[in-house]
Amino acid sequence: VGVVHAVTQHDSPSYDGAYDRSYNTIMQYLDRYKEIKVVLDIHRDSMTQDDMTKLKPTFTHNGKKAAQIMIMTGHDDGDNEFPMWESNLNFALKLQQTCESMYSGMTRPLNFGDFTYNMNVNSGSLLIEVGTDANTLSEAVRSGEMLGNALSQVLQK
């Protein structure tokens, strides 16, 4: 599976406008590489309990801890210019099912709602949260490798 990895930071100088800036980057890549079928926005979540204690969602695979992932996909209530949302939802469900069949406990519940977060750029766009800001780098890297394996399986079907 070929990959184009955009490493541009879009949350600087602030989080405000980050999705607009990342949209511009995505469109540049889609314009340059016409064969792109999947666009993933991958980053960490931030979760806290009521007392502001940071949460660190993990699971164990082959005796090693890894960060749980959460797949996000949105829908269109008629205002979002998001005609391919059903294709993205189908893709998200296939990926979640594949992750769970390969690595039980890897995924948190699918986050599905009235949002786009640039997932309206094509019919293979998802936002994936790999752990949280409390997970260790090794937990996130381990999950990233597993996510890549599961994604490869989905794309080869």
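Me: A salt bridge is a side-chain nitrogen of Lys or Arg lying within 4 Å of a carboxyl oxygen of Asp or Glu. How many salt bridges does that rule give here?

Reply: The count by this rule is 4 salt bridges. Keep in mind as we go that this is a predicted model. Let's look at some of the pairs.

Me: Happy to. How far apart are N and O in the salt bridge of Lys34 and Asp31?

Reply: The side chains of Asp31 and Lys34 meet with N and O 3.1 Å apart. Both Lys34 and Asp31 are exposed.

Me: And the pair Asp45 and Arg108: which parts of the chain does it tie together?

Reply: The closest N and O atoms of Asp45 and Arg108 are 3.2 Å apart, which makes a salt bridge. Asp45 belongs to strand E1, while Arg108 sits in the loop between helix H2 (85–102) and E5, so this pair ties together parts 63 residues apart in sequence.

Me: Are Asp45 and Arg108 buried or exposed?

Reply: Asp45 is buried, and Arg108 is buried too. Now compare the salt bridge between Lys54 and Asp133, where the closest N and O atoms are 2.8 Å apart. That pair also links distant parts of the chain: Lys54 is in the loop between E1 and strand E2 (58–61), and Asp133 is in the loop between E6 and helix H3 (137–156), 79 residues away. Lys54 counts as partly exposed because its relative accessibility is 46%. Asp133, with a relative accessible area of 30%, is partly exposed as well.

Me: Let's turn to helices. How do I read which way the residues of a helix point?

Reply: The general idea is that an α-helix has 3.6 residues a turn, so residues three or four places apart point the same way.

Me: Which residues of H1 are buried?

Reply: Ala18, Ser22, Thr25, Ile26 and Leu30 are the buried ones in H1. Around the axis they cover an arc of only 135°, which puts them on the same side of H1. Strand E1 (39–45) is included in what covers these buried residues. The other side of H1 has Asp20, Gln28, Asp31 and Arg32, which are exposed.

Me: What about the backbone: which peptide bond is cis, with omega near 20°?

Reply: The bond from Ser12 to Pro13 is cis, with that omega near 20°. Pro13 lies in the segment before H1.

Me: One last feature, the surface. Which residues form a nonpolar patch?

Reply: Val1, Val3 and Leu155 form a nonpolar patch on the surface, and together they have about 310 Å² of accessible area. Val1 belongs to the segment before H1, and its relative accessibility of 68% makes Val1 exposed.

Methods: Residues numbered from 1 in each chain as written. Predicted model: local features only at pLDDT ≥ 70, side-chain atom pairs only at ≥ 80, totals over all residues. Heavy atoms only, no water. Buried < 20%, exposed > 50% of the residue type's maximum accessible area, 1.4 Å probe, protein only. Helix = DSSP H or I, 4+ residues; strand = E, 2+ residues; numbered from the N terminus. Arc of directions from axis to C-beta. Contact = heavy atoms within 4.5 Å. Patch = residues over 30% accessible without salt bridge, like charges linked within 9 Å, V, L, I, M, F, W, Y side chains within 5 Å. Areas by Shrake-Rupley, 256 points an atom, 1.4 Å probe, with all protein chains shown as cover.
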